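Biologist: I'm new to this one, and I'd like to learn how to read it. Can you put it up and walk me through a few features?

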Amino acid sequence: MFFLAIVGVLFVKTVGEETSENIPPYIKQCKEGDPNIIRCLIDAVHHLSPYLASGIPEIELPPVEPFRMEELSLSLTTGPNGYKVTLSDIDIFGASNFTINKLKMSENGKPFEAEIYMPELRINSKYSSSGVLIILPASGKGSFHGRFGSVTATVRGKTSTHIRKEKKYLHVDTLSFDMKVKTINMGVKNVYKNSRILVEAMNLFLRENGQEVLHVMTPQLRNKLSSLFMNISNQLLTHVPQDVFYVPKHSNVTSTV
């Protein structure tokens, strides 16, 4: 998902001591005192989006298209023969295609907050399953695919600053998010031994219980993605001094992008 780009330009409202003459092309600057600072920050995040999609090699930032997760383990029904699914080698597409609807800056120790909309997220992965599903033994392996339409995510977090080589840098200390999905379409294919009845049963279950399956996924998604997004954001912020993207009033340095 998405929406990791937002923390790349959010900040605690303090003014840097130095300015930089080297403005990376992926940075769109905003200036202290700008009456339209929120609009500038939103534009800066949108400007960063295509660079995140393809990656930024000079700061060792990997591309987010696709976004890779290792594994999710799901218990979809209960009981001694409950239906369990493990997704692995998970590729997520569409995270870089987003629009920021709302943005609230971090100020006076309060967290920053943003609402981000993504038209669609697509998931492709391997899966393995065990247990009983709709009275059928449902152990098997295959491929899983999902489409999540109209995704709205709320991102919250806190930042701190530190000085390195006489320049001020931001660090994302905490990051969390919640998301709502309007439409869900999930299914499996290439099931081991090609059991047609098992495939139909699994796809019927996923089709009729999409929101419930997403609900089971959500706690693991929240923990894994919050940690991963925070690491990626700090990979960006550790290479870019604060006054490069938030220019103090006394500075005449501007970007050419």
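Modeller: Let's begin with the labels: helices (H or I, at least four residues) and strands (E, at least two) are DSSP runs, numbered from the N terminus. With those labels, E60 sits in the loop between α1 and β2. Keep in mind that this is a predicted model, where local features need pLDDT of at least 70, side-chain atom pairs count only at pLDDT 80 or more, and totals for chains, interfaces and linings use all residues. Residues are numbered from 1 along each chain as its sequence is written, and side-chain values use heavy atoms, with hydrogens and water left out.

Biologist: How many helices and strands does the chain have?

Modeller: There are 4 helices and 10 strands. Reading from the N terminus, the order is β-α-β-β-β-β-β-β-β-β-α-α-α-β.

Biologist: Which strand has S150 in it?

Modeller: That's β8, residues 140-164. S150 has a positive phi of about 55° too, and is not a glycine. At 24% relative accessibility, S150 is partly exposed.

Biologist: And how do I read a pair of helices?

Modeller: You describe two packed helices by the angle between their axes and the distance between the axes. Axes are lines fitted to C-alpha atoms, for helices over the stretch in contact, and angles run from 0 to 180 degrees between N-to-C directions. Here, the axes of α2 (residues 196-208) and α3 (residues 210-237) come within 4 Å and cross at roughly 85°. That makes α2 roughly perpendicular to α3 (the label covers 65 to 115 degrees).

Biologist: Which residues of α2 and α3 meet?

Modeller: Contact means heavy atoms within 4.5 Å. On the α2 side you have F205, L206, R207 and E208, meeting G210, E212 and V213 in α3.

Biologist: Where is T218, and what lies 2.8 Å from its side chain?

Modeller: T218 is in helix α3. A polar atom of the T218 side chain lies 2.8 Å from the backbone oxygen of L214. T218 is buried, at a relative accessible area of 18%.

Conventions:
Parallel < 35°, antiparallel > 145°, perpendicular 65-115°, else oblique. Buried < 20%, exposed > 50% of the residue type's maximum accessible area, 1.4 Å probe, protein only. Polar contact = N/O pair within 3.5 Å; in protein donor to acceptor, adjacent residues only side chain to side chain.
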